[in-house]
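Let's walk through this one in question-and-answer form. Take a look first, then we'll dig in.

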Amino acid sequence: MATVCVEVTIDIPEQRVWEAVADVGAVHRRLLPGRVADAQIEGDVRILTMPDGSRVRELILAIDHTIRRMAYTVTEGQRCR
């Protein structure tokens, strides 16, 4: 399995950033408005609807508040650019 690590420096308190990242059901409102149109949670699965109507299913593997780590894997609908 491939791993992608993204690091960005922003001028926002870390707790506020983590709250947005950990709120996996609100990615379309809090992290990626305009890039994700909707998000639904079904158990451990997040279903993202993109602006063009396509869907991506992601299995949420972990949300660790202690080390501020969120891990997921795309299980269906991954789009290649």
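Q: Is isoleucine 12 buried, partly exposed or exposed?
A: Quick ground rules: this is a predicted model, where local features need pLDDT of at least 70, side-chain atom pairs count only at pLDDT 80 or more, and totals for chains, interfaces and linings use all residues. Residues are numbered from 1 along each chain as its sequence is written, and side-chain values use heavy atoms, with hydrogens and water left out. Buried means under 20% relative accessible area, exposed over 50%, and partly exposed in between (1.4 Å probe, protein chains only). Because its relative accessibility is 37%, isoleucine 12 counts as partly exposed.

Q: Which helix does the segment holding isoleucine 12 come before?
A: Helices here are DSSP runs of H or I with at least four residues, strands are E runs of at least two, and both are numbered from the N terminus. Isoleucine 12 sits in the segment before the helix at 14-22, namely H1.

Q: Why does strand S2 count as largely enclosed by the rest of the structure?
A: Look at both faces of S2: Val45, Ile47 and Thr49 are buried on one side, and Arg46 and Leu48 on the other. S2 covers residues 45-49, and it is largely enclosed because the buried ones number five of the five.

Q: Which residue is the bridge partner of valine 45 in S3?
A: Strands pair if DSSP finds at least two bridges between them. S2 and S3 (residues 55-64) run antiparallel, joined by five bridges. They form a hairpin with five residues between them, and glycine 53 in the turn has a positive phi of about 95°. In S3, valine 45 is partnered by leucine 59.
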